[in-house]
Amino acid sequence: MLSRTRKKLTMTASTSPRLPGTGLPTEVTSFVGRRQERADLRQLLGRFRQVTLVGAGGVGKTRLALRTAADVRGEFPDGVWFVELAQLRDPDLLTHQLAATLGCSPPAEQTILTMLLGHLRDKRLLLVFDNCEHLADACADLVDSLLRACRRLCVLATSRESLRVESECTYLVTPFSVPEGPGLEGRSESAGDAVALFLDRARAVCSGIDLTRKNREAIVDICRLVDGIPLAIELAAVRLRALSPAEVLRLLREGSEVLAHDGRRMPERRRTLRGCIDWSFDLCTRQEQHLWARLSVFSGGFELDAVKGICQGSGLPEPVLDLILSLVDKSILMPEAGSGKARFRLLEMLRQYGYEKLRDSGEDAPVRRAHRDWFLDLSVRAAGGMLGTNRRQWLRRLRRDHANLQRAMAYSAEAHDHAHGLTMARSLHYYWVADGRFDEGRTWLARFLRADDGTVLDRLRGVHAAGWLATLQGDAVASAAILHQGAQLAAGSEDASAAALITQLDGLHALYTGQSVATEHLELALERFRVVGDVNRQLETLAMLTVAAALGPAPTAAGRYHGACGAMAELRHVPALRMYTAWPYALATWRTGDSNAALSSAREALTFAASRSDQLSLALCMETIAWIEASRGRHVTTAVLLGAADRLWSRMGTSTAALPGLFRFRRECESECRRSLGDSSFDAAWTRGAELTLTEACSSGMDERDAAAPPGVATWITEAGPLSEAGLTRREREVVALLALGRTNREIATELVIAPRTAESHVHQVLSKLGFHSRAKVAVWLTDQLGRPSEAPAGGQQAGGARSEQPKGRLEISRCIG
C-alpha cells in the first residue's frame, strides 16, 4: 500500500506544468501588484536561509512565493523546487513528497531522510514548501534537519502559522490595500492593487470592462467588503460573466454564497472562500474556535482589555492572551499597527464566519449584551475624561472603537433597551462635538429619546446633547424644538443640574441665532453650574461667553472670561485648560486692533487643538488665523488656510454659516483675498489648502512666511496640455513643474507646504505615470513640450536680464512657479 502511495506522489510531483529549467509550476493567470513585498522577500532571502510567508487563507501567499522564487532563481544554480503540500494528509509521507518532487529515490539500505540529506548536502538550491499549516510540526522537523545538514540550502515556505524553526524569518502577507473613500480617477492603476486585480480577472470573463464613473463605486465597495483578500476578489470578479458589479455587491451584502468558483481543476478548499475558511477553522483547537466565535461580536478592531471584559468566561482559560497570540500565529487575527497598544481585528469574512458559529451555539445574545455593557462603561468613563488632560487619549480610543460603539448602540436599539442606549449616546456628546459627527450623534439621540425611557435627568442630558449638536450644525429650527422639549423636562424636575443644563442650552441657541440675551442666559448658567459644582460645564460656559463677547459690541469683555478660565485652570493645576477660551480671545484681541497679539494667541490655540486632536477646534483656529493673516496682507496663506478649514467643515457637515457672527468675518476675508489675488489664484491656493493633511495645515497656520503663489496657477499647466493628458492630478502637475526647475524633494515639500515624505511619494508617482526612471528626464521632456510654439501659453512676456540665456521652456516653467 505504501509503495502505491509513493508511486502516486512521484506521478503527482512530475506531471504538474513547470517553468523551463526550474521546479516551479507555470502561472496560468497574470500576477498583479506586490512590488514592495517581492523586493522585501528578495532582500530577506539574501539574509536568512529560511523565510516563511504567513497570512490568512486566500491572501495570496502561494502566488507571492512562486513569483519571488522565480525572481531569485538565478541565484540558485542547482534549482528552485516547489513542494505542494495541500493534498498531503499524512506527515509520515512528507519526506516522500520532497523526494518525489526532486525526482530521486533512496537505495534500499537508506532512509528517505538520509538520502535527502546526502542529495542536497552541497547543493545551492531553494526549496519552496507550500501550505505547511496542517503539517506544521512535520515540516518544522524536516526543514530544521535540512538546514542544519545542508549549509547552502535555502527554504521559502507558506503557511497560516509560522513553523517556529530556530533559523526562521517570518513575513506577514496582508490583504491588498483598498481605497478609503471617493475621489478615484477613472484609471485602474490609480485605484490600487485590489481594484487592479479585480479588473484583471474580470476581463478574462468580460472583455472590455474598465473602471468608470458608473461602476467604480461598486467595484471599490466589493474590494472593501472582502477586505482586499485576493482570492475573494478573484471569486467575485468571475461573477461578472453573468452579473454587473452592482449586482455582485448586493449579493455580497446579503450574505449570498456568490464567492464560489466553478473551475473543475481548482482544489475544493479554494473553490469557495467558505471552504478556505473551513480549512482554517478545522486547524484551530476547540478553545481557539470558541474564542474566534466570541471575537466576532466586535466590529472593526479591539484591544486586550475589551477581550478580557467581554469574551472571558466559560470554556476559556484565564488569561486569554495565549489564545489571542495563537490566533495571531494562525493568521486568524490581524495585529493593527500604530495604535500604541496591542490591537487586533478579524478580517470581515472571518468575522462573519465566526458570528455564524456564535449564533449556532446560542451565545450571540449574551455575548452581544456583554459587548454593549463594556462599551457603555467605556463611553461613560470617556465622558468624565474628555475635558481633562487625557482628552487626546480618550478621543483616540473612541475613534479606534467607533465601529464598536455603533454596534453597541445598535444592540440597545434592537433589544429595545433605550435607557442604556440613551446613556451611551449622550455620554458620547463631547466625542460627537470634537469630531464633528453631528448627524451621527443627532440620529442616535433622536432614536433613543423617542422611546421616552429613563429618568427625567437622563432624558434631559440626552436632550441637552442633541441641542448642542443641532445648534453647532446651524439647524436653528431643530435646536428651537429641542430647547422647548428640554424646558418642559426641566420644569418637571427639582434637580438644580437640570435647570443649569437647559439654561446653558438656551444661551447657546441665543448665541447662534444672534439674540442679545445670549450673554444673560450664559451668565445665569455659569452661576448655576458653580452652585452644583460642575467644573467641566463651567469651562464650557466660559468658552461660550468668550465667543459672545468676541462677537459683541465690546470685544474687550472677552478678556474677563478668558481670565476666569485661566484662574480655574490654575486652581485645578491643569494650566492647559485655559486654552478652551484661547481662539475666541484671539478673535476679540484682533477686533481691538492688536493683530500681532491676536495671531500669537490664535497659534497657541491651534497648537493646543492639534495636541487634543479636536477637529472642531482646529477648524475654528484655522479660520481665525486666516482672518488675521488677511488683515496683515498675507492673502495666499489666508486662501490656503481657508481651504484647509473648509475641508474640515465639509467632513463635519457644518460651516461658519452656522454662527452668523463668525460667517460675517469669513465672508469679508474671502472677498478681500479674491480682490487681491484674483479668482484663479485664490482658487488654486484654496485647493492647495484643501489637499493638505492636518499636520501640514497646522504647519501653514504656524508659518511666519507667506505662502508663495502656488505652482500651477498658469492655466496651461493646471488645466490642459501634456501634463493633463498624462493623467496627472493637480498636485502632481505642480510637482512636475518643480522637478523641471531642479528642486529636491525637500525643496518641493517646502514650496508646496507638505511633508518631505509626501513630496517623495508624489515624485515617485509622477515618475511612474510618465514612465521615467530619472528626474532629469522629466525636465528634458517638459522643456521640450513647453518650447513648442504651437503649445506655449499665449501672451507670455519674455524674461530678460541674467535669465535670458535659459531655454524658452525653462523660462515658461519659471513663470508657472511664480
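Residues are numbered from 1 along each chain as its sequence is written. In this predicted model, local features need pLDDT of at least 70 and side-chain atom pairs count only at pLDDT 80 or more, while totals for chains, interfaces and linings use all residues, and side-chain values use heavy atoms, with hydrogens and water left out.

**Exercise 1. Find where C284 sits, and decide whether C284 is buried or exposed.**

Step 1: Look in the loop between α12 (273-282) and α13 (286-295), where you will find C284. Helices here are DSSP runs (H or I, at least four residues), numbered from the N terminus.

Step 2: The relative accessibility of C284 is 8%, so C284 is buried (buried is under 20% relative accessible area, exposed over 50%, partly exposed in between, with a 1.4 Å probe and protein chains only).

Step 3: Leaving aside residues up to four places away in sequence, C284 touches Q289, W292, L327, K330 and I332 (contact means heavy atoms within 4.5 Å).

**Exercise 2. Describe how helix α2 and helix α3 cross.**

Step 1: The axes of α2 (residues 35-47) and α3 (residues 61-72) come within 10 Å and cross at roughly 60°. Axes are lines fitted to C-alpha atoms, for helices over the stretch in contact, and angles run from 0 to 180 degrees between N-to-C directions.

Step 2: α2 is therefore oblique to α3 (under 35 degrees is roughly parallel, over 145 roughly antiparallel, 65 to 115 roughly perpendicular, the rest oblique).

Step 3: Residues E37, R38, L41, R42 and L45 of α2 meet L64, R67, T68, D71 and V72 of α3.

Key
Helices (H or I, at least four residues) and strands (E, at least two) are DSSP runs, numbered from the N terminus.
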